[in-house]
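Q: Could we go through this model together? I would like to begin with the overall fold and then turn to individual residues.

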Amino acid sequence: MGQYFTNDDNVKSSPHEISVTLYDKKYTFISDNGVFSKNEIDDGSIYLLKILFMQPLGGRILDVGCGYGTIGLILKHFFPTSEIEMVDVNRRALSLAQENARRMNLTVKIYESDILNNVDGEFDNIVTNPPIRAGKKVVYAIFAQAYAHLKKLGALYFVIRKDQGAPSAQKEVISLFGNCELLKRDKGYYIYRAIKSE
């Protein structure tokens with residue numbers, strides 16, 4: 001069976017709707033087999049979004065590992081003047097994200113990228129619910145490439161479970177950024193922010 005961080009055309013397609021309600025607004029997405037959290041919006045993304053809603057986000061925002069679009073599309077709805085770009089390595093997930101953007105009447109840029117290899121320019125904010133099952137090497141590469149693609153004083157926001165390596169991930173990000181603040185713990189999920197000072 002294919003992993004959500006790979007492309008496997010042999011995974012049988014079975015599209016279906018899933019929904020989440022945040023602050024009295026219901027968001028509905030098309031999901032499918034072969035993508036991350038195919039049957040429900042994952043808790044990590046929800047906890048991250050709740051923190052992001054309270055941040056001064058704006059300008060150019062990149063969602064790394066966007067899946068079928070949960071974080072990037074909800075952010076676009078919540079911060080409508082922002083310029084959102086969304087990347088993933090999974091082409092089925094990207095197709096779903098594009099369909100979900102169309103259904104939600106949101107204008108965002110969605111494209112394939114292995115980590116940030118196809119990403120151009122600098123961003124005010126980068127957000128990610130990183131693909132833990134892809135391994136530490138991939139997750140840490142996301143952090144390093146995020147640093148390279150942030151503007152000065154730009155912020156990286158990410159969520160990771162304590163039992164999936166949150167403390168070591170925080171240390172890795174501190175080695176890159178010189179800082180990494182724990183914004184909140186929520187049912188085993190840790191939400192962090194790191195700011196690029198140079």
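Q: How many helices and strands does the protein chain have?
A: This is a predicted model. In it, the protein chain has five helices and nine strands.

Q: Which pattern do they follow along the sequence?
A: The pattern of the protein chain reads β-β-α-β-α-β-α-β-β-α-β-α-β-β. The radius of gyration is 16 Å, close to the 16 Å that the globule rule gives for 198 residues, so the chain is as compact as a globular protein of that length.

Q: What box do the C-alpha atoms fill?
A: Along the principal axes, the box is roughly 45 × 35 × 35 Å.

Q: And what percentage of the residues count as buried?
A: Of the 198 residues in the protein chain, 53% are buried. As for contacts with a separation of 6 or more, 64% of them join residues 24 or more positions apart.

Q: How far apart are the mean positions of the positive and negative charges?
A: The mean positions are 4 Å apart, for 25 positive and 23 negative charges.

Q: Changing topic, where is Asn 129?
A: Asn 129 is in the loop between β6 (123-128) and α4 (136-148).

Q: Is Asn 129 buried or exposed there?
A: Asn 129 counts as buried because its relative accessibility is 15%, and the cut-off for buried is under 20%.

Q: With which residues is Asn 129 in contact, leaving aside neighbours within four places in sequence?
A: Among them are Phe 36, Gly 44, Leu 48, Val 64, Ile 71 and Val 159.

Q: Now Asn 100, please: in which helix does it lie?
A: Asn 100 lies in α3, which covers residues 91-103. Its relative accessibility is 0%, so Asn 100 counts as buried.

Q: What does the side chain of Asn 100 reach?
A: The side chain of Asn 100 reaches the backbone oxygen of Tyr 68 at 2.9 Å. Beyond its neighbours within four places in sequence, Asn 100 is in contact with Tyr 68, Thr 28, Phe 29, Ile 30 and Leu 73.

Conventions:
Residues are numbered from 1 along each chain as its sequence is written. This is a predicted model: local features need pLDDT of at least 70, side-chain atom pairs count only at pLDDT 80 or more; totals for chains, interfaces and linings use all residues. Side-chain values use heavy atoms; hydrogens and water are left out. Helices (H or I, at least four residues) and strands (E, at least two) are DSSP runs, numbered from the N terminus. The radius of gyration is taken over C-alpha atoms; the globule rule is 2.2 Å times the number of residues to the power 0.38. Buried means under 20% relative accessible area, exposed over 50%, partly exposed in between (1.4 Å probe, protein chains only). Contact means heavy atoms within 4.5 Å. Lys and Arg count as positive and Asp and Glu as negative; His and the chain ends are not counted. The place of a charge is taken as NZ of Lys, CZ of Arg, CG of Asp or CD of Glu. A polar contact is a pair of N or O atoms within 3.5 Å; within protein, one must be able to donate a hydrogen and the other to accept it, and residues adjacent in sequence count only if both atoms are side-chain atoms.
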